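This report describes a protein chain through its secondary structure, sheets, cores and selected side chains. The sequence and the model come first.

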Amino acid sequence: FLQGYVVSVPKRSLDAVPIQIVCQNSIFNGKKGCDEFEALHLWQKALQVVEFAKNRPPNTTKYQQNFCLLLKEVLTSSPHLFTKDEKKFIESFTSLSEDSQRLFVRLYTRKGPWFRLSTIMYPEICNPQQAVKELSATGYLYLFEDTTKLHDDEMKDLLSLLTVSELRDILCTLRKKCNQGSRKQNLIASLLSCYKGGSCPVLQRLILERTEICIRTSPEAESLFWRAERLFFLNGEQDLSAFLLVDLGIVKYPTYNCIILEQIFSNESDLLAYEEAIEVAQVIDQSLDENNFELVLRCIMIADSRISCCPEKLIDSTSPDLMAIFRSCFSASWVYSKVILLGISFLECERRYKDAIHLLRRLLDCFTCDTRRGYWTVRLSVDLEHIGCPNESLSVAEAGLLDPWVRAGSRMALQRRVLRLAKPPRRWKTPSFSESLKRKIIEVYIQGRPLNCEAGRKSRFYGEDGEQCGVEQLALQYYAREGGWQGVHTESGIWMTIFGLLMWDILLSDVPNVFRTRFQTAPLDMETDHFYLARKSLIEPHLQKIHDGLAEEILITSWELHMGTACRGVNWDQHSLSDLRAAVSCIRGPCLASLCRHLAQDYGSWSSGMPDLLLWRFHGDYKGEAKLVEVKGPRDQLSEQQRAWLLLLMDCGFNAEVCKVSTTGTSP
């Protein structure tokens, strides 16, 4: 057998550990344990372990390996999106020393921008001072080590590195009034006012005396690696921490094939325009939070001037060009449309309806193939009525009903507006959809003992057990008592989980260009018309199985195979397998297949607004029934999306109703 002995303990945490391996041939029952050939085999196994360890970096540097992998994959998949100098700069990162690479990634992923070199201590970085010199010489870091003139923003960031006592000390040195109770932000503001006024030219020297050398990642490196991150993840929500979550086993992504036939960005100019649009979007978000209305208006003006003024040809629902629709969210125009929409909400709050109308018309003119057209059309019709143009408001609503991209709740909202506005003498003919809007949705009224009746606050009641609860819990108690119903308050959550589990293999099927990174939880086209059309030959046979009663079997298989794997809409923690099985077994196959078909055809429009409660009960061992209930408190009304869902569910064969909770127990 082999035995290993640690010869000496290394001085530094990442140094190699010397181990002496001894092969000892023991004798059992008078016989040797192994011959020379077997001993050689054991030695080879030991060498394999050593090689394996050499090729796997320690956990403390896994982040370094992940960062290098990200850069390599981006350069391999999108070399056309970087200039020659940019590619050279990125490639040079792997030529840096191990310490320099680790230090840069550490700083890049921390909130800065400035750091005191004296506080930089990581166990896996042996010589941070030498790493700083190398990173500074190669353009990855900036150093603050002299009294070079700084911008006001940089001065504020440097002052934030100081402790409260250090800030007070500087104020006292400058003989400025210093209140012992002042907060850190007040002390910084006081010093900044001196610096901006030019009355404190020695401030930089005083800061440097206390902080000593300060470092930050260079803006050029930050910008370039930020671009690489966005190209790798294709969104602004994920970053290098996604690698960490996978390495720690916290998140497990599904298995799928990345079949990339077309690039998201055809050239560098498209990417740079997209990056610039994202910066404008970030500015307007921050400006709205800070109530900086002047900057909000500036962002609106920039976005308005840069969205495409040449509307695309309306794409037919059977056109292969539908693939371009799900890629459009990576265009500068799409980002600017979101900026404009934020601006429209701001202008409506300010009652600047004419300006909002101009922007809404711009959006409708420029984005002819977009499911957001429904919301835009509703807002345009409403704003036209606000400025006293009911005839034009009606015309907009009527035109919107002819638009194939106006769907779900937005379509119902426009239909209701037409019915209200299209009265003689404006219109003499009753719209054909009037009867469908008048369909009755069953309403149930229950009484609750209110805890609060304040306007603007969510209604609270005393439950049957005397505990405080919301209207949904009160309704669950009512249905359990009156009909023996079991159920959950989940709104759309349980339905998205059921859809994800039943359609798992469809979601992750081999479709070109929809999976581009290993960190996706759904295909890129999931919320577009392309999803259903590209997979119709797979979806329809699968829905037939659900129709024929195999949903519970599919659900169990999917749960057991993929438990804990991240997938869009699937919530493993909120819903147990027993609840999901009970719900699916009580819903008739045709109803479930019809619901899944609607979600597959238009997930974006139908993934929200479902009824609050899903209830089920069994009659005997095998037969059961289900009910969907939208719960409304004393001051609540159905939204158009909720009404659209209830009518759709009724069309699919579901038992659906509205439960209205009142304080009197009487129906109106």
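## Basis and overall composition

The model is predicted: local features need pLDDT of at least 70, side-chain atom pairs count only at pLDDT 80 or more, and totals for chains, interfaces and linings use all residues. Residues are numbered from 1 along each chain as its sequence is written, and side-chain values use heavy atoms, with hydrogens and water left out.

The protein chain holds 29 helices and 15 strands; helices (H or I, at least four residues) and strands (E, at least two) are DSSP runs, numbered from the N terminus. Of its 668 residues, 46% are buried, where buried means under 20% relative accessible area, exposed over 50%, and partly exposed in between (1.4 Å probe, protein chains only). Among contacts (heavy atoms within 4.5 Å) with a separation of 6 or more, 70% are between residues 24 or more positions apart.

## The sheet β5-β7-β6

Three strands form an open sheet in the order β5-β7-β6, with antiparallel pairing. Two strands count as paired if DSSP finds at least two bridges between them. At the edges are β5 (115-116) and β6 (141-144), each pairing on one side only. Strand β7 (residues 214-217) runs antiparallel to β6 and is joined to β6 by four bridges. Within this pairing, Leu 143 stands opposite Ile 215 in β7.

Helix α5 (residues 128-137) lies across β6 and β7 and runs at about 110 degrees to β6. For such angles, axes are lines fitted to C-alpha atoms, for helices over the stretch in contact, and the values run from 0 to 180 degrees between N-to-C directions. Helix α9 (residues 203-211) is mostly covered, with seven of its nine residues buried. The buried residues of α9 include Leu 203, Leu 206, Ile 207 and Leu 208, and also the polar Gln 204, Arg 210 and Thr 211. Just after α9, Glu 212 has a positive phi of about 60 degrees.

## The sheet β9-β10-β11

A further open sheet of three strands has the order β9-β10-β11, again with antiparallel pairing. Its edge strands, β9 (449-452) and β11 (468-469), each pair on one side only. Three bridges connect β9 with strand β10 (residues 460-462) in the antiparallel sense. Asn 452 has Arg 460, in β10, as its bridge partner.

## Nonpolar cores

A nonpolar core is a set of buried Ala, Val, Leu, Ile, Met, Phe, Trp, Tyr and Cys residues joined through side-chain atoms within 4.5 Å. The largest one has 79 residues, and those with the most contacts inside it are Phe 67, Leu 70, Phe 93, Leu 103, Phe 104, Tyr 140 and Phe 225. Helix α15 (residues 332-349) supplies the largest share of this core, nine residues. The core lies between domain 2 (61-219) and domain 3 (268-438), because both give residues to it; the domain bounds come from an automatic or database domain assignment. Another core, of 78 residues, lies apart from it and has Leu 543, Trp 559, Leu 599 and Trp 616 among its members.

Not counting residues up to four places away in sequence, Leu 103 touches Ile 120, Tyr 122, Ile 125, Pro 128, Ala 131, Val 132 and Leu 135.

## Selected polar side chains

Polar contacts here are pairs of N or O atoms within 3.5 Å; within protein, one must be able to donate a hydrogen and the other to accept it, and residues adjacent in sequence count only if both atoms are side-chain atoms. Ser 337 lies in helix α15 and is buried, at a relative accessible area of 0%. A polar atom of the Ser 337 side chain lies 2.5 Å from the backbone oxygen of Trp 334, and a polar contact of 2.9 Å joins the side chains of Ser 337 and Arg 372. Leaving aside neighbours within four places in sequence, Ser 337 is in contact with Ile 307, Leu 363, Phe 367 and Arg 372.

Arg 327, in helix α14 (residues 323-327), is buried with a relative accessible area of 19%. Its side chain makes a polar contact of 3.0 Å with the side chain of Glu 262. Beyond its neighbours within four places in sequence, Arg 327 is in contact with Glu 262, Gln 263 and Ile 264. Ser 269 lies in helix α12 (residues 268-289), and its side chain is joined to that of Asn 267 by a polar contact of 2.5 Å. The C-alpha atoms of Ser 269 and Leu 81 are separated by 8.2 Å, although these residues are 188 residues apart along the chain.
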